[in-house]
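How do two protein chains meet in a model? This report takes one interface and goes through it.

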Amino acid sequence: MGMLRAGLCPGLTEEMVQLLRSHRIKTVVDLASADLEEVAQKCGLSYKALVALKRVLLAQFAAFPLNGADLYEELKTSTAILSTGIGSLDKLLDAGLYTGEVTEIVGGPGSGKTQVCLCVAAHVAHSLHQNVLYIDSNGGLTASRLLQLLQCRTRDEEEQAGALRRIQVAHAFDIFQMLDRLHDLRGAVAQQVSGSSGTVKVVIVDSVTAVVSPLLGGQQREGLALMMQLARELKTLARDLGIAVMVTNHITRDRDSGRLKPALGRSWSFVPSTRVLLDSIEGAGTAGRSQRMACLTKSPRQPTGLQEVVDIRTWGTSEQGAALQEEQT
Amino acid sequence: MAPRGGLAGRLWSPNSVDSGRLAEKCLTGAVGTVEMLLARLEGRRSLKEIEPHLFADEDSPVQGDILEFHGAEGTGKTEMLYHLTARCILPKSEGGLDLEVLFIDTDYHFDMLRLVTILEHRLSQSSEERIKHCLGRLFLVSCSSSTQLLLTLHALEAMLCSHPALCILILDSLSAFYWTDRVNGGESVSSQEAVQRRCAQVLERLAREYRLVLFTTTQSIMQKAWTSPEGPSATTQRPSKQDVDYRPYLCKAWQQVVKQRVFFSKQEDSQSCRQFLLVSHHPKSNTSKKHSFVIGESGVEFR
């Protein structure tokens, strides 16, 4: 963005561009920060024309302030809370995933992050009838597991098929593919392609560490810039399209204190608005092997430190599963 | 120019060069009456009461001051901004200051619902109308790149002229484009920092000329160890007398305009993990003060 050229805005002619360029004003930023009186004298252009040009360019390229009351009105109608289908997780998230925000699930290997994602996808597709985009970057998604989760919810095969159709799967094994997928989603929504992309309400990225961690390390800045670009894409997607974004991340050990912390470093830690840490429960024994402790470590609206026990085996199926059991007997 | 008495005469006097130039800028560039302009230049309601716990009398922010909130994630910086915003936009009858606030959001972090929750708890009778009336005093801008931030700051002059009650500028956060700028800026560190430097200069000029108070947050994104892969290769020594983890990484131009730096951290307390600590530091006088606070439903509460 930013090079001055003829036709960039009404009133900017080729000769003006050349005159400005000969006095080292090449970009919009240069023109906005220049002292227009001086420029008018040196270039021989009229001061009023330059002021008008600056005003038009700023109106075109600068962000426009919105009034808080208007924004609140808009948000009241467009923000939705999507239940995850897991009661204890909903309690931690204050009723569910909020659209317009990025929620992060963090945990070590085998802590159940992919299971949470699959459960959320199945629940949103089946019970809430919304479309889900599932971006898989480490091959943890299997359609048979999704079908299993759906079968626990409903015996009707039509419903199961309908729910499966609402889950779009995309594979992205490096960051450029992931950015492309997100870009495709934007494009599809912009063109209002009827059918699948119409009402995507949840985007699940499992996992973001798999595509970003190869870029970090060493003295390279490009990796961090790409990571921040991905972060910005996810957040603008959430905000602009009213989508709830859920990402998963790994944990690493802090070098100095030895404590466990989310991977991807400090810059990424500012990106999600909510973070839930999944951990296995110590000393749970064979009975508790499928149980996990979910702890809220960052939240914009709840106090951190809340903990709930979740059981993977019955995730999302406890309510419906019990109902179906009763039907059978 | 024939001398006119009263307001206009004061405006064009040779002593007030700044106000004259300011007036000219406003009148050529934007809609604004002379009275509106003077309402800004004369003393307005003092900002000393903006947060009595945080700013003791002698170092309360006066017009033209720039304050930096620095800390790691989850340490309460944005909550403090909501607290200050709520203080400003609430009407005087509810304990506020009846001022307008401009909030610049660079990383899509602003949570309107949280601000509304805070306002609901602070209003004596919270109704939709009263909340919308308060929110009418808040203006929100979102920027997606550092050049857009710079252009937005230039475009703000028109808005500042037409809103004399707008005297608080909040920027959350200034360091959001740091890595993107480092990569896009070219090979030398100074060309990478060029846009940041210009932003700092424009912010300082706006705060000085339009008599604003600027609160900005910067994220603590550099690791503690000196061999960290994320940090810049030439780092300044951390001041050892401070017990805060501060590694300056923004350009020198910005570090020089900051009048007061507030460091946020979480207190590792076994009793209550919700306690936060802030250390308020003045670089010029090299004094520090500590405060602790908790964050409840109604926002920041000082202990």
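The text below covers the interface of chain B and chain A.

This is a predicted model, in which local features need pLDDT of at least 70, side-chain atom pairs count only at pLDDT 80 or more, and totals for chains, interfaces and linings use all residues. Residues are numbered from 1 along each chain as its sequence is written, chains are lettered from A and ligands numbered from 1 in the order in which they are written, and side-chain values use heavy atoms, without hydrogens and water.

**Extent**

Chain B brings 67 residues to the contact and chain A brings 51. Contact means heavy atoms within 4.5 Å. About 5000 Å² is buried between the chains, 56% of it on carbon and sulfur atoms. Buried area is the accessible area (1.4 Å probe) lost by two parts on being put together, summed over both. On the chain B side, B:Glu73, B:Tyr108 and B:Leu151 lose the most area to chain A, together 15% of what that side buries.

Six salt bridges cross the interface. Each is a side-chain nitrogen of Lys or Arg within 4 Å of a carboxyl oxygen of Asp or Glu. B:Glu73 forms a salt bridge with A:Lys298 (3.3 Å, N to O).

**Strand pairing**

Strand β1 (residues 66-67) of chain A pairs with β3(B) in the antiparallel sense over two bridges. Strands are DSSP runs (E, at least two residues), numbered from the N terminus, and two strands pair if DSSP finds at least two bridges between them. B:Phe139 is the bridge partner of A:Asn67.

| Chain | Residues in the contact |
|---|---|
| Chain B | 67 residues |
| Chain A | 51 residues |

Terms used
Helices (H or I, at least four residues) and strands (E, at least two) are DSSP runs, numbered from the N terminus.
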